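Student: I have a model open and want to learn how to read its main features. Can we go through them one at a time?

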Amino acid sequence: MRFDHRHLLGIAPLRPDEIVTILDLADQYARFNRGRDKHANALAGLTQINMFFENSTRTQASFELAGKRLGADVMNMSLQASSIKKGETLIDTAMTLNAMHPDLLVVRHPHSGAVELLSQKVNCAVLNAGDGRQEHPTQALLDALTIRRAKGRLHRLNIAICGDIAHSRVARSNILLLHKMENRIRLVGPPTLMPSGIQDFGVEVYDTMEEGLRDVDVVMMLRLQKERMDGGFIPSEREYFHRYGLDAEKLSYAKPDAIVMHPGPMNRGVEIDGTLADDINRSVIQDQVEMGVAVRMAAMDLLARNLRARPTEVMA
Ligand code: NCD
């Protein structure tokens, strides 16, 4: 089992065999999490700090639970309210925390590249919990595990990623991962929500759901990231739902056993019909949440093994 990284900053630096290593270990943790005794020791003695510079409910809760189930001491910091407002920079905050000797730092930040910058300044392992529009590696990994469990494989599948691609780090990390694992990826959405230079990603681009969903195995919906928009991207939410919102009729273009995914939080009635999102015969949205905890346990376990293999830096 090889995983040669100090940090988990994105999918881009990972090899396919390392992705498989994380998913295989996460599968074991998924089984463990369904048992009665949910306490293990892989992170015992280690301190995990969750630094969220952007609102998050599920990702933060998922990392917190993952750390606690593995025996870490976990601390949560929501930073938009505290010292950031006082003008302290990202690096100042990181250095302050670094002086408290954390072992794992889980960071979400609204600016692309901020988490990587921070990783260069601290002595601990850094996990990217979402940076701007760039990467959200644990989301792509939990999506991959959900797909692998539902479809029995993670290669040669037709996968449609639909909606607000331009503002989405989830889309970017998923494209990188699914491409590395040799799937066929389609991006479906209005041209205003497609990033520029999308042709270089090795994907097919469609602007209607009817064409884009034809015969796909997986339909991955994305949230309309209204907070990242400054107007003019969509005519109206009603019109958007009519053209791009996933409902039973549009899903009928896909394969009869196609699964429906969404990273949450959902805008029901905007990008997805609420009844379909709750239909456990088609929707694996709750499985995604479940796999999220397992994947984060696996990622932190692997990083901790690498941490423990390094000599401790003892201060004189
Ligand atoms: C995603 C995110 O924050 O990038 N959500 C999440 O991790 N639960 C997707 C989104 O906000 O739409």
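Student: Which residues lie nearest the centre of the largest pocket?

Tutor: Rolling a probe the size of a water molecule over the atoms shows where empty space is left. A pocket is an open set of points on a 1 Å grid over the protein atoms alone, where a 1.4 Å probe fits, with protein on both sides within 12 Å along at least five of seven lines; lining residues have an atom within 4 Å of a point. Here 31 residues line the largest pocket, and Arg58, Thr59, Arg108, Gly264 and Pro265 lie nearest its centre. Two or more lining residues come from each of α2 (58-69), α5 (137-151), α6 (169-180) and α11 (285-309). Helices are DSSP runs (H or I, at least four residues), as are strands (E, at least two), numbered from the N terminus.

Tutor: Some ground rules. This is a predicted model: local features need pLDDT of at least 70, side-chain atom pairs count only at pLDDT 80 or more, and totals for chains, interfaces and linings use all residues. Residues are numbered from 1 along each chain as its sequence is written, and side-chain values use heavy atoms, without hydrogens and water.

Student: Which polar side-chain atoms lie by an oxygen atom of the ligand?

Tutor: A polar contact is a pair of N or O atoms within 3.5 Å. A polar side-chain atom of His136 is 2.7 Å from a ligand oxygen. For Arg223, a side-chain N or O atom also lies 2.7 Å from an oxygen of the ligand. For Gln225, the distance is 2.9 Å.

Student: Which peptide bond is cis?

Tutor: Most residues other than glycine have a negative phi, and most peptide bonds are trans. The bond joining Gly264 and Pro265 is cis, with omega about -5 degrees. Pro265 sits in the loop between β9 (259-261) and α10 (274-277). His101 has a positive phi, near 60 degrees. His101 is in the loop between α3 (90-98) and β3 (104-109).

Conventions
A polar contact is a pair of N or O atoms within 3.5 Å; within protein, one must be able to donate a hydrogen and the other to accept it, and residues adjacent in sequence count only if both atoms are side-chain atoms.
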